[in-house]
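The following paragraphs lead the reader through selected parts of a single model. Please keep the sequence and the coordinates in view while reading.

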Amino acid sequence: ESRYNPAEIEEKWQQTWLAEGSDRTPDNTDKPKFYALSMFPYPSGNLHMGHVRNYTITDVIARVRRMQGYRVLHPMGWDAFGLPAENAAIDRGIHPAKWTYQNVAQMRAQLQRLGLSYDWEREVTTCSPDYYRWTQWIFLEFFKAGLAYQKEAAVNWDPIDQTVLANEQVDSEGRSWRSGAMVERRLLKQWFLKITDYAEQLLQDLDQLDGWPERVRLMQENWIGKSTGAEVVFQTETGETIPVFTTRPDTLWGATFMVLSPEHPLVEKLTTESQAEIVTAYRTEAAAKNEIDRTADDREKTGVWTGSYAINPVNDEKIPIWIADYVLMGYGTGAIMAVPAHDQRDFEFAKKFNLPIKVVVQPTNETIDADTMTAAYPHEGVMVHSGPLDGVMTGKGSGQSVEAAVQWLEANGKGKGTANYRLRDWLISRQRYWGCPIPVVHCSSCGTVPVPDAELPVLLPENVEFTGRGPSPLAQLEDWINVPCPTCGTPARRETDTMDTFICSSWYFLRYPDARNDQQVFDPAKTNDWMPVDQYVGGIEHAILHLLYSRFFTKVLRDRGLLNFDEPFKRLLTQGMVQAAAYKNPNTGKYVAPSQIADLSNPTDPATGEPLTVVFEKMSKSKYNGIDPGDVLGKYGADTARMFILFKAPPEKDLEWDDADVEGQFRFLNRVWRLVCEFGDRASVQKTAEAQALNHDEKDLRYAIHYAIEQITEDLEEEYQFNTAVSELMKLSNALNDATCKTSPVYREGIETLLKLLAPFAPHIAEELWQRLGHTDSIHHQPWCVPDPTALVVDEIPLVIQIMGKTRGTIQVPAQASQQELETYARESELAQRYIAGKTIKKVIVVPGKLVNFVVG
Ligand code: ANZ
Ligand code: ZN
């Protein structure tokens with residue numbers, strides 16, 4: 001008898017499947033489609049457990065759906081542009097392309113070791129010209145639609161290396177990763193995508209995503225951050241117009257001053273001569289600060305008066321115009337009406353600079369007074385001193401004051417109801433080499449000119465030096481930069497910025513349906529056929545940006561006539577983290593590597609002798625608790641690793657690594673191996689079962705088989721309860737092991753069912769055993785099992801017979817018997833006849849499904 005040896009069978013089947021193309025995407029369209037997608041990885045060089053979990057989950061789904069008769073698209077690719085490759089070039093002198101492709105090769109091999117059923121013929125690599133040619137094409141679609149534009153924005157500037165840094169290259173103290181210099185802020189002309197044009201749709205269409213976790217929808221909603229209110233138009237004494245955005249137009253009668261952002265374009269005009277000096281100084285100071293500092297709630301308010309006044313449109317009062325850094329140019333209109341009685345920031349500002357405070361909302365249970373209040377009153381109440389609004393209730397529930405104020409503004413031509421979004425336009429330009437070149441040329445007479453389609457892709461030049469100093473490597477390549485203008489032919493210059501890598505990943509799922517197309521970004525017929533993705537699986541860390549950008553791209557390409565759907569991802573599963581035990585010194589907060597600990601059952605710090613606490617945390621190098629998937633695969637094989645991961649926790653929950661449970665799954669697969677091998681030796685077993693002729697044991701086993709089918713099928717519906725499905729597999733295997741009818745055809749049915757149900761989870765062992773049973777076709781091409789309802793009927797149940805409340809025994813009765821029938825069965829039973837003989841029945845109590853009690857006398 002043979003032993004279960006995963007090393008032998010797994011590689012064999014991986015090669016066979018690859019050679020036979022058994023995971024290739026079918027192109028017939030008579031079957032329903034299913035698009036199963038994992039978020040593609042960054043090719044960092046090594047697969048970690050988080051990847052293994054993510055891809056195993058999607059693989060099981062893909063395999064089950066294939067067996068269930070869907071045509072399945074299950075592709076894989078590489079999110080291959082980005083900073084680490086360029087850092088490797090600077091640190092180690094290896095070209096980013098070389099580093100990236102080496103990593104891709106290594107990680108592809110690791111993925112193949114896991115038995116993941118990808119259609120490798122559709123692999124996409126975002127740094128490859130045959131892919132980024134279309135990223136550039138899409139960029140130009142945005143450009144033509146007016147959705148890509150340039151404006152000045154702040155970048156991180158390293159004054160020593162004279163280079164722009166990505167946020168990830170700046171540490172928490174604001175220093176450069178390389179030179180250690182304090183990073184400065186500099187304004188550069190940069191590219192943006194106008195995602196704000198789609199803010200409302202991105203918000204509204206969240207309603208369509210009922211297959212997404214509520215938490216993720218909420219995160220997107222908050223990120224978009226819609227506020228409703230009004231735009232109110234103020235005039236200055238000198239006749240300038242300053243619109244403000246407010247969520248509380250009802251408090252307009254309490255506006256006692258205005259505040260402009262220091263960057264507001266009217267500041268210069270409004271500043272009087274006597275204020276000029278301090279205004280200029282204040283603006284310089286504000287420019288050096290970042291947004292987070294400027295808007296921190298606990299910061300003391302600062303600001304200066306411009307010397308000018310505006311007129312409050314509701315009562316013609318003169319109110320002073322200030323500038324302050326807590327007002328941001330990037331939100332609303334960059335100017336506010338300040339209502340110190342009801343807005344805390346304005347209150348602090350008014351207190352500090354002695355500006356008037358006017359109460360216009362009175363709470364119903366007390367009276368507040370401008371002179372004595374110590375904080376703004378932002379809650380509900382009744383409007384006062386507010387002309388037409390007097391007496392109107394304000395507040396979230398029944399309040400009507402905001403609507404009334406908007407009506408008044410619109411009727412009097414002083415403003416209008418409007419909404420504002422926190423969402424900003426997407427800054428996509430990077431002053432780096434390893435990214436997709438932005439395909440435009442700057443001409444002094446024609447302006448910004450798109451590179452003509454026939455000249456795409458704009459290739460990344462390869463002969464580049466990586467020093468980490470000076471302008472981006474591309475900006476140093478004069479030969480590459482200088483080109484004739486595509487429109488007028490005069491000398492012009494290429495754009496040297498590359499795109500944010502989030503762009504490359506905002507459309508890759510649209511490419512898989514037609515990944516090798518070299519004439520088009522994709523054939524819309526193919527992409528529309530496969531999209532939307534039926535099940536997307538990935539990490540919660542992408543809950544906001546990647547998903548929002550992908551949704552945005554989908555809508556823009558739809559509006560360009562390429563797509564016929566609104567949302568790219570029908571269902572989303574965000575898998576939990578993979579955690580493992582880490583040893584932490586509670587006093588120092590430091591982690592200790594297990595290899596440094598003498599006794600793991602009683603861990604102490606080798607440096608201090610203090611006891612260590614065991615905590616489960618996300619696997620990471622810094623906590624010394626990472627487990628290399630390669631080690632687990634080497635020791636137990638891919639099937640065990642997959643089974644453990646699926647069994648240990650529901651997919652969206654965190655998973656705690658546990659060697660004993662890994663071992664447990666390995667033992668389970670060994671049991672399956674023995675069970676099937678032993679059965680295979682009994683060649684005489686017939687193939688078909690005659691249901692009517694089954695004996696009691698056979699009926700029991702058939703019940704167990706079909707119960708498992710029913711439960712596992714249900715677990716694999718939309719909720720994906722893989723952990724309970726694996727438990728059911730284990731129960732079925734036990735039932736088979738304990739069965740006494742091992743030569744019955746029912747037993748064969750059980751063994752084959754077990755293998756088919758196991759196939760999506762542990763694809764190699766299932767295939768091997770399937771074929772050892774004499775089948776010549778792949779188990780992965782078998783139809784999924786369907787539960788037989790007749791097998792699930794428990795046909796007889798025990799009925800307790802009582803006489804005067806005393807149990808005298810049980811009889812077997814048909815499970816579906818009615819109350820009347822139960823009484824008849826009981827009366828006629830030998831048991832009852834014996835005890836009732838000679839007496840009269842006064843009363844019969846029937847408890848359906850349980851007992852019949854005779855009262856006799
Ligand atoms: C007057 C007022 C009275 C306000 C009141 C609030 C309470 P959200 O909800 O975040 O949208 N604001 C508007 N533009 C701003 C900017 N560029 N920088 C800083 N603050 C700005 O907040 C909208 C409120 O934030 C607006 O409503 C405005 O203050 C302020 F009792 O206007 B409010
Ligand atoms: Zn030109």
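Strands β10 and β13 pair in the antiparallel sense over four bridges, where pairing requires that DSSP find at least two bridges between two strands. Helices (H or I, at least four residues) and strands (E, at least two) are DSSP runs numbered from the N terminus. The model is a predicted one: local features need pLDDT of at least 70, side-chain atom pairs count only at pLDDT 80 or more, and totals for chains, interfaces and linings use all residues. Residues are numbered from 1 along each chain as its sequence is written, while chains are lettered from A and ligands numbered from 1 in the order in which they are written.

Ligand 1 is surrounded by 19 residues, of which S227, T246, Y331, G332 and H342 are the closest; the criterion is a C-beta atom, placed from the backbone, within 6 Å of the molecule.

A second sheet is open and mixed, its four strands running in the order β32-β31-β34-β33. Strands β32 (806-814) and β33 (841-847) have a single partner strand each and stand at the edges, so one side of each lacks a neighbour in the sheet. The partner of β33 in an antiparallel pairing over six bridges is β34 (residues 851-856), and V844 has F854 of β34 as its bridge partner.

Among the helices, α2 (residues 49-67) and α19 (residues 638-648) pack at an angle of about 90°, with their axes 10 Å apart. Helix α2 is therefore roughly perpendicular to α19, a term for angles of 65 to 115 degrees. Axes are lines fitted to C-alpha atoms, for helices over the stretch in contact, and angles run from 0 to 180 degrees between N-to-C directions. V52, R53, T56 and V60 of α2 meet A641, R642, I645 and L646 of α19, contact meaning C-beta atoms, placed from the backbone, within 7 Å.

Definitions and conventions:
Parallel < 35°, antiparallel > 145°, perpendicular 65-115°, else oblique. Contact = placed C-beta atoms within 7 Å.
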